[in-house]
Amino acid sequence: MSDSLPTPAHHVAIIGGGPAGLMAAEVLSQAGARVEVFDAMPSVGRKFLLAGVGGMNITHSEPYRAFIGRYAERQEEVGALLTGFNADDLCQWIHGLGIATFIGTSGRVFPTDMKAAPLLRAWLKRLREQGVVIHTRHRWLGWNADGSLHISYPDGERLLKPNATVLALGGASWARLGSDGAWLPWLAARGVGIAPLQAANSGFEVAGWSDLLRERFAGAPLKNVALHLAGAAPRLGEAVLTAGGIEGSLVYALSAQIREQINACGRSTVYLDLLPNKPVDKVAAALNKPRGSRSMAKHLHSALGIDGVKAALLRELTDKATFDDAQALAGAIKALPIVLVRPRPLDEAISTAGGVRFEEMDAGLMLNAVPGVFCAGEMLDWEAPTGGYLLTACFASGRRAAEGALQWLRQPRC
């Protein structure tokens with residue numbers, strides 16, 4: 001079967017101008033569809049650009065089995081999407097835009113200039129050359145009674161009845177960038193099953209830090225530490241002490257497990273290793289060395305290099321009896337318990353868990369309850385840690401939704 005659509009061109013509306021929506025636009029326009037992209041923001045790709053502020057981590061180079069394992073409960077479904085567009089395919093696609101990439105020491109893949117803006121500019125140029133029309137400040141407001149799309153823009157409203165629609169509206173984190181979750185009631189009203197949206201890759205709060213810890217150390221980095229939940233292997237990395245709890249890449253990597261423990265039990269205890277490269281017996285031996293007239297704070301600094309925020313956190317979460325017992329203090333240094341009681345607000349999260357359930361769609365990501373409407377990106381019910389996994393799945397799902405739409409459009413209609 002030809003990859004192109006028969007003429008005259010079918011009209012496809014894509015709601016959402018993030019990576020998933022723009023990828024769907026590319027595939028559809030290449031096949032000859034008349035594509036319009038509608039985005040509520042003043043420009044497209046705003047969250048994509050924000051993700052690139054600290055270095056545009058586009059994907060990851062780790063082996064495939066480990067890669068799809070990052071999608072946890074939804075690895076089978078996301079793995080099926082990646083069979084059509086995996087991490088290597090994504091890199092080749094980026095190279096086709098004239099953007100070179102490199103693999104960092106962590107295995108993450110970046111554009112050579114570490115920026116998202118040049119990639120987005122090159123991509124938008126290609127899309128426009130392919131005839132894609134992009135409308136900004138155009139907000140989708142759901143469906144009208146006759147099934148048409150209701151779109152509001154500064155000069156009025158538009159009612160559209162495209163041949164197919166791709167929804168790529170994101171989750172509900174960073175609403176100021178366009179992902180506000182406003183689509184949930186509209187899909188639910190059409191009978192679409194949706195898993196509740198929750199914070200993913202987020203920070204967490206404790207019941208309350210002391211005034212001293214909060215005022216002196218909020219925002220302080222915890223470098224060269226490890227974190228784990230009971231019964232799990234520790235993960236090395238960095239975290240940040242916040243006014244209400246902890247956050248940072250090390251916390252994000254465990255956020256799904258922490259969140260689910262809080263959902264089930266009302267709290268989750270994580271264990272922070274302040275000296276991951278030193279075994280507990282070595283820590284205890286160092287603490288048992290005579291300290292003379294030195295204070296314990298100075299002893300911790302000279303014997304183990306523990307000071308600043310690490311020392312303050314150790315004081316915060318242990319009692320006098322622990323400090324007076326070298327073996328007990330060594331145990332606390334190696335597994336300092338932090339009780340987390342809630343995630344930070346959803347709008348602060350890097351991404352969201354939950355969304356349109358895969359069981360509500362066919363293999364081409366078309367909604368069973370709304371034929372001709374396809375979903376892609378973060379609005380689907382999957383989650384992944386940071387490290388390029390989020391973007392890779394967004395790109396792959398955008399391609400799959402576009403391919404599903406093409407198959408739908410080729411089918412004869414009465």
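Predicted model: local features only at pLDDT ≥ 70, side-chain atom pairs only at ≥ 80, totals over all residues.
Residues are numbered from 1 along each chain as its sequence is written, and side-chain values use heavy atoms, with hydrogens and water left out.

The chain carries 16 helices and 20 strands (DSSP runs: H or I of at least four residues for helices, E of at least two for strands, numbered from the N terminus). Its C-alpha atoms fill a box of roughly 90 × 40 × 40 Å along the principal axes. Of the contacts (heavy atoms within 4.5 Å) between residues at least 6 apart in sequence, 70% join residues at least 24 apart.

Now for the inside. A nonpolar core here is a set of buried Ala, Val, Leu, Ile, Met, Phe, Trp, Tyr and Cys residues joined through side-chain atoms within 4.5 Å.

| Core | Size | Residues include |
|---|---|---|
| Largest core | 87 residues | Leu28, Trp93, Trp123, Leu187, Val356, Trp382, Phe395 |
| Second, separate core | 44 residues | Leu213, Phe217, Leu275, Ala284 |

The residues named for the largest core are those with the most contacts inside it. Helix α16 (residues 389-410) supplies the largest share of this core, 13 residues.

What does valine 356 touch, leaving aside its neighbours within four places in sequence? Its contacts include Trp183, Leu187, Ile194, Met361, Cys375 and Asp381.

Notes: Buried < 20%, exposed > 50% of the residue type's maximum accessible area, 1.4 Å probe, protein only.
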